[in-house]
Every structure is written in structure tokens, then in C-alpha cells.
Amino acid sequence: MGSDRILLGDEQVRRYVADGFLAFDTGLDSAFHDAVADELSISMNEGSALLGDNLLPRIPMLADLLDSPTVDGAMTSLLGEHYAWAPHRFPHNSEPLAAGDRSDVFDPFLNNARMGPGSISGSGWHQDGHSKAGRSRWHTFRAANLFYFPQDTPLAKGPTRLLAGSHLYANITLATPDQVVLRDIPKGTAILADFDVGHAGTPNRTDTTRYMLKFVVLRTQSPTRATWNHQDPAWRTPDGLFTPHDLPQAWTSLWNWLRGAPRHEHIAPPASTEIPQLLADLRSRDPQQRLAAMYDLAALGGTAVPDMVEALLATAGLDRHVAPTPDDMGYYGKSDDHLERRFSPRQFVPEDAAVVLGTIGAPAVESLAALLDHEDPWMRINAAYALGEAGPDAAGMVADRIGELLDDPVAAVARAATDALCTLPCFGSQTVTRLRRLLSRDIDGGEEPAMGEPSLGGRWTKQNHMRYLASLALLARVAGPNPPHGLEQAFTAGLDDETGYTQAIACKGLERLGTRSGLKAAVRHLQTRRWDPNHIRLADRPPRRAVNASGRR
């Protein structure tokens, strides 16, 4: 990584802002992709269909993919120079349908299509939840999925399909067929998709297995400048977008955010007399109408703050901080009520008013800070979220007040506050101390099961969630200015956590912190946990293709 990275250009970034995803060739040789496919075939035949988070130690050559100039350049362009790979990654195999179940015609919008027996890829439309973290949904670009295809994947083989423009949706039940993107995918292609884009698998109507590997990447700093090959500061809507929406106000605001510019730059606010109509539009079932109203209200700045605070307060007293159960579609952000916003251990969906207040930024900070003390937990949750979205320049002075919510008696509030700290890497040593306490001590009720992704299995608790988020907040703080005392000790405490996720982020944090003692602690920890990828009987293993780091034989 570094000086050889290949950065994206303005046009590519604009397409990502509007569509929510971008496809590109990874730039590695065909032999590299063939070797990856061979390794996947071996692993699946071992009975290791759920390689899951151990994908990299099982197939170490994948590190060459993640470190390649093209992939590194795309990540840097859209998630900043201090981006980090999350510990969660997952191989998605799509097995052939039985011959009798195959059809020459497939409806691209079909939900929950029949998949071949043994397929991990799911064909139901969904927005991902942050596996084992239950993080927020954001309009800003703070996390993404990298979908990598090591084989040619024509339509019959079952490419991943996406809902263009759905990354700004709180609920994908209102998605329409004209948003579907389903195309042939050449070998070696990667799709970088904003984490909240709706997507689904497609049935495999061939005779061979289709593989797709998913990696999750995280932003650790709010942007202060463009980190791609930036030439033109103006928003210009690209031709030939996949999304059917036309949202120039929203797209300009997000483009500005990525450039580190004021959110309202080059946006003409509506007249204040339009506020009543815009408030009515916020309830529309038409996603474009609702999103346009949100960003028109945000463009009004301080003028809209009282109405937005009132709209947020109107949702108090509804117990929205109480998570639905996994048998409730609201758990997955798919409620029939398009206005339902709920906390969930899978994914927290904030109120639209909170998104608007966070976009307004500095003029809303005082009002939001006051809501941190509100008696209703849902108000505290949304206020913390919106302050995090306002960013360190606007809300940095209240970061440690958000840190105080780590001691909140309501676990959902503490979770949301920890997540907000990931976007405010300017908190002080007192918050570091609280985060270290989360990593080193048991919390009341922490052993209660809290599996964010029930289909993945495993045993995760509320305490596991909190500790993983605490490690992510600390990792963000390392990238921020003037790292406070206590970070090394906090990361070291995270090495003793029972989950590999927190341990992985703690090691990454100690690496970035760079102290001699911290690096020694990380290496010592990893020495006893290394994995030999050649653990199967070599006699049963076919010869491996010889491939160097550039992907050449």
C-alpha cells in the first residue's frame, strides 16, 4: 500500500455517491483469480463451507488482493487514508440449482428465489447488519462491502444484484424494480458497495459453483479533504446512473462531506415558507420525495433546527429503544411501516430528524447536546448519533459528554454512544478510561445473548457487542489529533477479550499507535493464535498453482 495506490477519479466518486456502489477490475493477473477459486474449491470440499472470518489465514494470498494498488486506491478514495478492514469477512458460495428447477427466465426483482442446495448466498433483498456489532445506518460513507468475484460470473451463474440508490434508505420495503442492477461480472471484478445498499444473491443455473468473497471496510476519520484524484469541486450528476432517483441536493451534500467542505456549499436553500410542506414530505412513502425533503431542510441550516428538534421529540415515549425480536421484520429494517425507526442489535436506524440535524451540524449542536440528558432513551440515542454525524469540528467539544453515556443504565444508549465516538475521534483521557473499563470489566446484564446475525450462529452477548464497538472507537481515536494517555493500556485490555473481533481491532490499534511495548504485546498475542493454512492432509490436496504477489505464474 502507499505511493503505488491507484486512486479513483471525480466521475467514479460521483457515481458512488449517487448509486451507492462502484464496480472495478482489481488489476491482478488471471492466474491469481484462478488460484483463489482453486483454494476456495478445496476449502469447500473439506467441509469448511463456513470459513467465515478465518478466510484470510486459510487463503493467505487474499492479502495480495486487499493490498493491491487498485483495491487500496479505491478504499483510500472513498473511506480515507486511515481506513481499516473489519475482522468480519465471508465467502458466499452459490451452488447449482437442480436441473428441474432451472429456468431460462429470471425476474431480477424476485425476492427469496430458490437457491441451489448448500448455497450460503441468500436471495432475499436485504441491507447488511454489521456482524456482531449492531452499528448505525449512515447517509455519510463510513463503511462498505467489497464483493470480489474470482470467476467469470455471467447472469446464469448468479451474480450479486443490487438496488441502486438504496444506500440512503432506512427501509428497503419501498424499493422498486427499476433500481435493480444485475449484470454479467467478469473474473477479477470487485464491487465496492456502501454498507447500506440493498442487495441479494441470484440463483445459479449452471453446473459449477459460483464464489463471491465479501470483505468489510471501515472509515476511521471524518474527511477533511478529498482523498481521491480530485480535480473539480462542483457536483455534476453523471450520465447513465443506475439509480432512478434525482437527488442533487442530497448528492451535493454528500459530495461536499467527502471533500471535507461545508455540507451546504453550492446548495441553494429553499424559502423558509416551504418548511410546512417539507415536513409533510418527510412522511411520504416516495423515497425520493422524503430524501429530497430531508436535504432541503438540512440546507436551511439553523432555521430548520427548532422544527427538526420538535419532530425528533415527537418520537419520544414510543419505546423505540426496545429492540424488536428476530421474528419481527423491523429487526431487519423491513417493517411495513416505512417510518418505523428502531434500535436493533443488528442495525440501529435513526430517526430522519436526527439525520437532518446531524447534516445541519454546528447550528444544531447546542440543541442536540441538551437531548443527551433527556429522560427518554430514544432521545439520548438519536442525539448521540446526530452529534457524531455533525463531526469533530462541530461537535468535538461534546465528545466527552457522549462518553459519559457509556455508563448509561440502558444498554442501547451505551451502544449508540460508543458508536458515535467512532465518528468523533477527539475525546479525551476520561473517555479512554471508560472505554478501557468496558474492555476489562464485566458489565451488568452483559451476558445476555445479543446475536446481531442469527443465521451466522455463534455465541455473542451484549458485552461482546460493547467491547467490539469500544475497540473501534479507540482505533478511530488513534487516527485523530493528539491521542490521549491510556490508549495503549486500553488496547492491551482488549487483547484479553473472548472474541476474535475485539482482539483483532486491539492488535490493529497497537500497530497504529506504534509504541514498542504495544507492538510487543500485539506480536506476543498473535504468536499463540497463528493458523497454519496447510492443516489438511497434503496427500488429499491437488497441486497449488504457483502465483507471485502480482498474480503471475
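Colleague: Is strand β3 (residues 143–149) mostly covered or mostly open, and how many of its residues are buried?

Modeller: In a regular strand, side chains alternate between the two faces of the sheet. Here β3 is mostly covered, with 7 of its 7 residues buried; buried means under 20% relative accessible area, exposed over 50% and partly exposed in between, with a 1.4 Å probe and protein chains only. One side carries Ala 143, Asn 145, Phe 147 and Phe 149, the other Ala 144, Leu 146 and Tyr 148, and both faces are covered. Helices (H or I, at least four residues) and strands (E, at least two) are DSSP runs, numbered from the N terminus. This is a predicted model, in which local features need pLDDT of at least 70 and side-chain atom pairs count only at pLDDT 80 or more, while totals for chains, interfaces and linings use all residues. Residues are numbered from 1 along each chain as its sequence is written, and side-chain values use heavy atoms, with hydrogens and water left out.

Colleague: Which strands does β3 pair with?

Modeller: Strands of a sheet pair through backbone hydrogen bonds, either parallel or antiparallel. Two strands count as paired if DSSP finds at least two bridges between them. β3 runs antiparallel to β8 (residues 210–218), joined by 6 bridges, and antiparallel to β6 (residues 189–194), also over 6 bridges. Asn 145 stands opposite Val 216 in β8 and opposite Ala 193 in β6.

Colleague: What is the strand order of the sheet?

Modeller: The open sheet has 5 strands in the order β1-β6-β3-β8-β2, with antiparallel pairing. β1 (21–25) and β2 stand at the edges with a single partner strand each, so one side of each has no neighbour in the sheet. Neighbouring strands are turned by 20° against each other on average, direction ignored; axes are lines fitted to C-alpha atoms, for helices over the stretch in contact, and angles run from 0 to 180 degrees between N-to-C directions. Helix α2 (residues 30–45) packs on this sheet and touches β2, β3 and β8, its direction making about 100° with that of β8. Contact means heavy atoms within 4.5 Å.

Colleague: Why is α10 described as largely enclosed?

Modeller: 9 of the 9 residues of α10 are buried, so the rest of the structure largely encloses this helix. Among them are Asp 352, Val 355 and Ile 360. The buried residues pack against α6, α8, α9 (305–313), α11 and α12. Just after α10, Gly 361 takes a positive phi of about 80°.

Colleague: How is a pocket found, and what lines the largest pocket?

Modeller: Rolling a probe the size of a water molecule over the atoms shows where empty space is left. On a 1 Å grid over the protein atoms alone, a pocket is an open set of points where a 1.4 Å probe fits, with protein on both sides within 12 Å along at least five of seven lines; lining residues have an atom within 4 Å of a point. The largest pocket is lined by 36 residues, with Leu 56, Pro 57, Arg 89, Ala 504 and Leu 526 nearest its centre. α19 gives the most to this lining, 9 residues.
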